[in-house]
Amino acid sequence: MTEDVLVDKELLTIGAFAARARLSPKALRLYDRLGLLAPAHVDEVSGYRYYRADQAERARLVALLRQLDMPLARIAEVVAAEGSAAAGLLDAYWADIEARFASQRTLAEYLRGRLSGRSSEMYGKFVIETVELPERVVLTEKRHMLADELPVWIPAALGRLEEGAREAGGITGDPFVVYYAAVSNESDGPAESCVPVADADAARAWAEGQPRARGIQVRVEPAQRLAYARITKAQVAHPQILAAFEAVEAWITEQGLSYDGPCREIYFADWDAAGPEDAVCDVAFPVR
């Protein structure tokens, strides 16, 4: 049997396959070029593409995944996986999308309030409370960085410090990040990640053994009163978090209080396990 007869009897032309898959020949040529769905056979002389009938399901899957705005590299991973593994990859992608939409929704609300001049109404969405904290010994790592770098550096730095805390009698309070100056995409702080520890001497011994470039130190955080607002995981993203800080600042002014130190974020929940609308962080200012 010649190759031409094999093509005629067992394979579909791109037009016939496009009709069966309910896609256009243009889309199929694109999928081929992107490496997502290669033809079963390409005629060496004419360049005509031919497909097997059982490739239609994969073609439809690629088209549906593209409707989710899934990046091509992730589409390739999904279509190459099988069963529950493919479903798991889709779940992970959609979780990322929902987190981004939640963050953007919060940002839109923040910007709408600022642009409409309804700042007081926007700040009213936050409940401001105060708490008294005792003097504490903290392991710290300080770094100059821009806002885009914070989501990577904060968990990495806190992870290093929590490891050190386990060798210094354990962690005695929620980890927090202090901002000594503005951190944005134009201003680089610095910021300082902090973990309260039980044993100051053991903490200093551990810090001395760390690479000097990390800037890990031990210091005493004085007893202080904090004014704070509790926010969700979605609200932590920059610049949405600014609304919470501004709400606390407005409350401090209304109460006739004074600032007694730099602002901070206190992380009290399991970040990885939390959903976009779960409370994970307090934004706070020391006051007197």
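Buried, in this talk, means under 20% relative accessible area; exposed means over 50%, and partly exposed is in between, with a 1.4 Å probe and protein chains only. Helices (H or I, at least four residues) and strands (E, at least two) are DSSP runs, numbered from the N terminus.

Now the ground rules. This is a predicted model, where local features need pLDDT of at least 70 and side-chain atom pairs count only at pLDDT 80 or more, while totals for chains, interfaces and linings use all residues. Residues are numbered from 1 along each chain as its sequence is written, and side-chain values use heavy atoms, with hydrogens and water left out.

Let me start with helix α9. It spans residues 200-208, and its buried residues are Ala200, Ala203, Trp206 and Ala207. These four sit on the same side of α9, because they cover an arc of only 125° around the axis. That arc is taken from the directions from the helix axis to the C-beta atoms. The general rule: an α-helix has 3.6 residues a turn, so residues three or four places apart point the same way. Asp201, Ala205 and Glu208 are exposed, on the other side of α9.

What do the buried residues of α9 pack against? Four elements: β5 (136-143), α8 (150-166), β7 (191-197) and β8 (216-221). Contact here means heavy atoms within 4.5 Å. The N-terminal end of α9 has a cap, Asp199. A side-chain oxygen of Asp199 lies 3.1 Å from the backbone nitrogen of Asp201.

Next, strand β9. Seven of its nine residues are buried, so β9 is mostly covered. It has two partners to show you. Strand β4, residues 128-133, runs antiparallel to β9, with six bridges. Strand β11, residues 279-287, is also antiparallel to β9, with eight bridges. For pairing, DSSP must find at least two bridges between two strands. Two bridges to look up: Glu132 pairs with Arg225 in β9, and Thr232 pairs with Ala279 in β11.

Is Gln224 buried or exposed? It counts as buried, because its relative accessibility is 8%. Its side chain makes a polar contact of 3.3 Å with the side chain of Arg264. A polar contact is a pair of N or O atoms within 3.5 Å; within protein, one must be able to donate a hydrogen and the other to accept it, and residues adjacent in sequence count only if both atoms are side-chain atoms. Leaving out residues up to four places away in sequence, Gln224 touches Val131, Glu132, Leu133, Arg136, Arg264 and Pro286.

For Cys194, the nearest cysteine sulfur is that of Cys263, 12 Å away. For Cys281, the nearest is again that of Cys263, 11 Å away. Cys194 is buried, at 0% relative accessible area. Cys281 is buried too, at 0% relative accessibility.

An unreviewed UniProt entry annotates residues 11-81 as "domain: HTH merR-type". UniProt positions are in the numbering used here, feature names are shortened, and annotations may be inferred rather than shown by experiment. Over residues 11-81, the chain is 54% helix and 10% strand. The end C-alpha atoms are 25 Å apart.

Tyr31 lies in helix α3, residues 25-33. Tyr31 is buried, at 5% relative accessible area. Its contacts include Leu23, Leu36, Val62 and Arg66. Tyr31 and Arg66 are 35 residues apart in sequence and 11 Å apart in space, C-alpha to C-alpha.

Conventions: Disulfide = S-S within 2.5 Å.
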